[in-house]
Amino acid sequence: MRIAFCLVLVTSLSFCGSAECNDWPWWRGPSRNGTADPQENVPTTWSSDENIAWMTPIPGRGHGSPTVVGDQIFVEIAEGDRGSRSVVCLDRHSGEERWTRDVHVGHETPYINEKGSDASSTIACDGERIFVNFLHDDAMVTSALTLDGEILWQREVTDYVVHQAFASSPAVYGELVLVTADTKIGGAVAALNRESGEIVWRHDRPEFPNYVSPIVLEVADRTQLLLMGCDLVSGFDPLSGEKLWEVAGSTTECVTSTVVHGDLMFTSGGYPENHLAAVRCDGSGEQVWKNDTRVYVPSFVIREGYLYGVADAGVALCWNAETGEELWQSRLGGTFSSSCVLVDDLVYATNEAGATFIFRARPDEFELIAENQLGDECFATPAICGNHIFNRIAINTGDTRQEYIVCIGERE
């Protein structure tokens, strides 16, 4: 297992500094912004019978994305008939199941939104442990497991009342695992010790539902944990928990994970108003520009000063990151929940019907490279690493819905 070189976590924003580290260790990938490490032969064409290395059925319903570390793939699942929330581990090369571990059984806190699931969070891995968030017994609980699936510790972070669903993913930084859970009874953002699960720092959050994950990025000349939603935009020191700045802004309910450029972060939301805005992270919280585009669920990517995204309604867009000027838009088709992933100068965007559109990250015009269909449903975001694409899809046969983890690319 390729783990030894993937433990440089104390101050690095990436999973490792080595070009050999072809992993996708947490939500939004090694750089935490949806950008894959440079790849040589990432597939641009595939179908159900072309360029599929393996496809493994998994039980239940979930929307969490695959986490890929070493020779293992980890994914959350939830089985309604058993009332279970679990972790499945697959072999990266063959797709064979290595183990499944129930994290919680019974005392469900089920989703309400028809597009939701009880396993919509994405697992984080530090090379020694995996960290997973689930709702259980009206609370958000973070758990740590070994790479062999043994539960090391569990920590209740906050009471939780479901408004639509829960999907916030943990983030590993230094010796901490960072978590957030915003709920209409008041939630929390907190840092837990990775080894013990003890709470190192914690802040209460306003009494609003919200769905963002904690994102740690380098912006305005320092490392910041960035949050939006609950009518706030906030920056924290991820190690100490010090609140560096906070301003009124964004909207109440947000889903996307922010990206940054220079001293700007980008916020977007869909309730009670649609918005996309650029906010300075230098402590001023200045809103530099804003528009009313509805990019509520799919997260953006950024390249060379230009912001690329897909609106929920299926329109690809490009903006100048500094000015907010819209440079082009083009209809792709379908409805989107999956977030964009950037590989070199290509943007991969998958709609809810399983169609993946690949277009060029260029500001002068929209250039579609390929469109590929796989499965009937996709709410997860692909993990792209080691010249393979790993994703979670569903195929409907009559009244039967079956989920799969799929590896797109050449069979190893």
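## Exercise 1: A strand and its surroundings

Task: Find out how strand β28 sits in the structure.

Solution. Step 1: strand β28 covers residues 355-360, and five of its six residues are buried, so the strand is largely enclosed by the rest of the structure. Here, buried means under 20% relative accessible area, exposed over 50%, and partly exposed in between, using a 1.4 Å probe and protein chains only. Strands (E, at least two residues) are DSSP runs, numbered from the N terminus.

Before going on, please note that this is a predicted model, in which local features need pLDDT of at least 70 and side-chain atom pairs count only at pLDDT 80 or more, while totals for chains, interfaces and linings use all residues. Residues are numbered from 1 along each chain as its sequence is written, and side-chain values use heavy atoms, leaving out hydrogens and water.

Step 1: Two strands pair if DSSP finds at least two bridges between them. Within this pair, L346 lies opposite R360 of β28. Four residues separate the strands of the hairpin, where G354 has a positive phi near 90 degrees.

Step 2: turn to β29 (residues 368-373), also antiparallel to β28 and joined by five bridges. I358 has A370 of β29 as its bridge partner.

## Exercise 2: The whole sheet

Task: In what order do the four strands of the open sheet stand?

Solution. Step 1: the order is β26-β27-β28-β29, with antiparallel pairing. Step 2: β26 (341-343) and β29 are the edge strands; each has a single partner, so one side of each lacks a neighbour in the sheet. Step 3: three bridges connect β26 with β27, and V341 has Y348 in β27 as its bridge partner.

## Exercise 3: Cysteines

Task: How many disulfides does a search of the whole structure find?

Solution. Step 1: apply the cut-off, a pair of cysteine sulfur atoms within 2.5 Å. The search finds zero. Step 2: check C230, whose nearest cysteine sulfur, in C254, is 8.2 Å away. C230 is buried, at 2% relative accessible area. Step 3: check C318, whose sulfur is 12 Å from the closest one, in C340, too far for a bond. C318 is buried as well, at 0% relative accessibility.
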